Amino acid sequence: MSIDSTDFAPSGDRRASDETGPGTAVVIPAAGKGVRLGPGAPKALRELGGTPMLVHAVRATARARAVELVVVVAPPDGAPAVRTLLDEHGLPEVVVVPGGQTRQDSVRLGLAALPDTVETVLVHDAARPLVPDETVDAVARAVREGAPAVVPALPVTDTVKQVETRTDGGPEPVTGTPDRARLRAVQTPQGFARKVLAEAHTRLAPQGEGATDDAGMVERLGVDVVVVPGHEEAFKVTRPLDLVLAEAVLARRRAHDAF
Ligand SMILES: Nc1ccn([C@@H]2O[C@H](COP(=O)(O)OP(=O)(O)OP(=O)(O)O)[C@@H](O)[C@H]2O)c(=O)n1
Ligand SMILES: C[C@](O)(CO)[C@H](O)COP(=O)(O)O
């Protein structure tokens, strides 16, 4: 299995790799079960427009100009099957490693597979298969321009209430209404200086398990995180209705490309 950076060979004005290896890599955690999507194969392997969601996510990130290497973190017992799947879809250059029981475990295992030359790491959910390459490049650019941690995000459109959670199913008392103008819904890819992300995953491994994103772990180190504009089509496929939306977005793209 090759991880030669020339596998994503420069074309046009795409940034060329230097001779020592890739400088920017994407880690794609794809080891989740997809419980909220309902029974079936692991979420990353479910089809969208006839192609596994993971293949869409790999293509979407590999297409970005900044990206020189893609590492996929497969379900713990599914790495050989994912390797075969990616080969069948013409993606033999992608590195595949087995994942862990939590998203943070999986990201950590993906990071461990990166060559030493990688300085910028993007972490992108396989469950966000339709992210535009402009979003990927904007995140990578912000890291290369000096931000240690960058997240794409969109303004929140609903009013959000803070509540006291209850486990008995009774009505939850509202404890506050945060100022919506200061809230952002966070997406992926999230981009990091590699050292910063690696330190977060090393130092915070036990406590980090509750973190729902990588930037949240980096914040706990006291490192500044900045937001760049996200994209509506970078939404996460989490519940069945998200899959309906994803199919519609993909169909619209394909119809557009046909003209
Ligand atoms: N042990 C895990 C859990 C999640 N992920 C990945 O993290 C991303 C975001 O997670 P989420 O959408 O929450 O996926 P699942 O954990 O699969 O969803 P669910 O909670 O519904 O089971 C997904 O690409 C998922 O494959 C992972 O690599 N390893
Ligand atoms: C990073 C993330 O996409 C933030 O939305 C994350 O994967 C979310 O996972 P969750 O299980 O939906 O909290």
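Me: What makes Thr135, Val136, Ala138, Val139, Ala140 and Val143 the buried residues of H4?

Reply: Each has 20 or more other C-beta atoms within 10 Å of its own, C-beta atoms being placed from the backbone (12 or fewer would be exposed, in between partly exposed). This is a predicted model, where local features need pLDDT of at least 70, side-chain atom pairs count only at pLDDT 80 or more, and totals for chains, interfaces and linings use all residues. Residues are numbered from 1 along each chain as written, while chains are lettered from A and ligands numbered from 1 in written order.

Me: What covers those buried residues of H4?

Reply: The cover includes helix H1 (53-62) and strands S1 (24-29), S6 (120-123), S7 (149-155), S11 (190-193) and S12 (226-229). Helices (H or I, at least four residues) and strands (E, at least two) are DSSP runs, numbered from the N terminus.

Me: How do you know that the span of H4 agrees with expectation?

Reply: Take 1.5 Å times one less than the number of residues. For the 12 residues of H4 (133-144) that should be 16 Å, and the end C-alpha atoms are 16 Å apart, so it agrees. After H4 comes glycine 146, with a positive phi near 125°.

Conventions
Two residues are in contact if their C-beta atoms, placed from the backbone, lie within 7 Å.
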